[in-house]
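Hello,

Here is the structure I said I would hand over. My notes follow it.

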Amino acid sequence: MKFTVSSSALYSHLSAASKVMGSKNSMPILDCFLLNIRDNKISITASDSEKYFITGIDVIDMTENAMFCVPAKTIMDSIKELAEQPITFEYIPETHELIGFHQSGTFSIMSMDAEPFPLQGNINPEATTLTMSAETLLNGINRCLFATANDEIRLVMTGIFIDIKPDHIIFAGTDGRKLVRCINRNVQPGYEGGFILPKKVASILKNVIGRDAADVIIHYDAEKAIIQSADFELYFRLIEGRYPNYNAVIPSNNPYQATVDRSALIGALKRVSVFCNQSSGLMKVHLENNLMKLTGQDNDYSTSAEENLYCEYNNSPISVGFSCQFMLEIAAILDFESLTLQLADPSRPGIIVPAVQEENEEVLMLLMPMMLND
């Protein structure tokens with residue numbers, strides 16, 4: 001059989017599907033894409049045995065239906081450098097040979113039978129459904145992903161918690177040292193629920209969803225979930241367990257509040273970070289008389305730095321220790337003109353929020369304090 005497809009469109013869809021594949025697969029067949037050509041469309045499936053990514057692309061022409069597996073790296077490398085052009089493939093079922101014809105040459109790939117490729121399981125027909133815009137999901141992922149834990153001692157903290165309320169949804173992420181809570185009131189599900197989105201799945205979605213995409217539909221039950229958009233379907237297992245009460249650690253009364261220009265803060269943090277202790281990253285933040293003073297020092301190397309920033313602050317002087325790197329990460333993620341640092345006392349967490357929140361959205365980032373030496 002033969003089929004013809006756009007080279008750039010095919011590579012784009014293969015590249016998106018490849019993000020779900022593992023570097024070391026338990027089954028050799030999982031190093032391949034499953035291609036199902038029928039009804040003038042190619043369905044591309046990639047998997048690491050736990051997650052399944054399915055995307056489709058229209059063909060320009062085809063002669064008959066076919067289904068086979070093709071090595072992912074080989075087919076992607078073979079078309080990666082091709083200029084945009086129609087590329088024709090001929091598949092020979094008897095030998096499993098896949099021959100590609102393009103404007104300047106040909107190539108041949110040995111494919112595999114599709115039967116051993118594991119297929120995704122079905123989700124519970126009574127699964128809960130959540131619909132939101134692609135932009136809402138992307139914003140939640142972008143703001144929470146960096147705060148998720150990397151170790152698997154507490155598995156629930158390695159994912160993003162999507163807390164569903166009747167009139168809003170909350171994205172939350174924490175590793176115990178920093179925390180993000182993003183409330184979005186544009187989504188009004190009408191029920192209460194929630195699930196933990198695995199870090200790997202969130203990373204895939206961050207790379208494959210376009211901000212101009214239409215709505216994203218999520219179906220989930222107690223164990224599995226499917227995320228559907230106009231371009232793909234992503235099947236995966238949820239992280240099981242109870243997510244910690246993130247609201248309990250957020251101080252409710254923060255009398256010390258300083259508002260500072262975000263760009264100036266990022267620049268100062270980058271300069272001070274060079275002189276902070278490399279193991280602890282400790283930085284001293286001192287507020288007094290419309291001035292934010294950032295101090296970093298490394299006694300092991302007898303180096304230190306101090307940065308003075310203008311800010312809006314008219315309360316009593318206060319000094320708090322924070323991780324310079326964590327504070328820099330938070331300032332980089334919060335893409336607002338000005339940020340407000342809220343403090344209760346040196347032993348309680350610091351809150352960083354936009355000076356002006358966006359409509360129907362409330363973003364809060366929390367940073368645990370560190371013990372100062374002085």
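**What was found**

Residues 24 or more positions apart supply 67% of the contacts in the chain with a separation of 6 or more. Contact here means heavy atoms within 4.5 Å.

Please keep the conventions in mind. This is a predicted model, in which local features need pLDDT of at least 70, side-chain atom pairs count only at pLDDT 80 or more, and totals for chains, interfaces and linings use all residues. Residues are numbered from 1 along each chain as its sequence is written, and side-chain values use heavy atoms, with hydrogens and water left out.

**Overall**

The chain has six helices and 25 strands. These are DSSP runs, numbered from the N terminus: helices are H or I with at least four residues, strands are E with at least two. The C-alpha trace spans about 80 × 50 × 35 Å along its principal axes. Of the 374 residues, 50% are buried. Buried means under 20% relative accessible area, exposed over 50%, and partly exposed in between (1.4 Å probe, protein chains only).

The chain exposes about 17900 Å², and carbon and sulfur atoms supply 46% of that area. Areas come from the Shrake-Rupley method with a 1.4 Å probe; for residues, only the protein chains shown count as cover. There are 28 positive and 46 negative charges, and their mean positions are 5 Å apart. Lys and Arg count as positive, Asp and Glu as negative; His and the chain ends are not counted. Each charge is placed at NZ of Lys, CZ of Arg, CG of Asp or CD of Glu.

**Cores**

The largest nonpolar core holds 101 residues. Such a core is a set of buried Ala, Val, Leu, Ile, Met, Phe, Trp, Tyr and Cys residues joined through side-chain atoms within 4.5 Å. F33, L197, L205, M292 and L294 have the most contacts inside the largest core. Helix α6 (residues 324-333) gives this core its largest share, six residues. Beyond four places in sequence, M292 touches residues including A258, V260, L265, L309, C311 and L341. A second, separate core has 17 residues, among them M157, A172, L179 and I351.

**Helix α5**

Helix α5 covers residues 262-273. Its 12 residues should span 16 Å at 1.5 Å a residue, and its end C-alpha atoms are 16 Å apart, which agrees. The expected span is 1.5 Å times one less than the number of residues. The buried residues of α5 are R262, L265, I266, G267, A268, L269 and V272. Their cover includes β18, β19 (282-288), β20 (291-298), β21 (303-310), α6 and β23 (338-343).

**Single residues**

- Q342 lies in strand β23. Q342 counts as buried because its relative accessibility is 16%. Beyond four places in sequence, Q342 touches N254, Y256, Q257, P349, G350, I351 and V353.
- Q85 sits in the loop between α2 (72-80) and β7 (86-92). Q85 is buried, at 5% relative accessibility. Leaving aside neighbours within four places, Q85 contacts V5, S6, S7, H102 and Q103.
- S252 is in the loop between β17 (232-237) and β18 (256-261). S252 is exposed, with a relative accessible area of 77%.
- N245 is also in the loop between β17 and β18. N245 is exposed, at 55% relative accessibility. N245 and I57 are 188 residues apart in sequence, and their C-alpha atoms are 43 Å apart.

Best wishes
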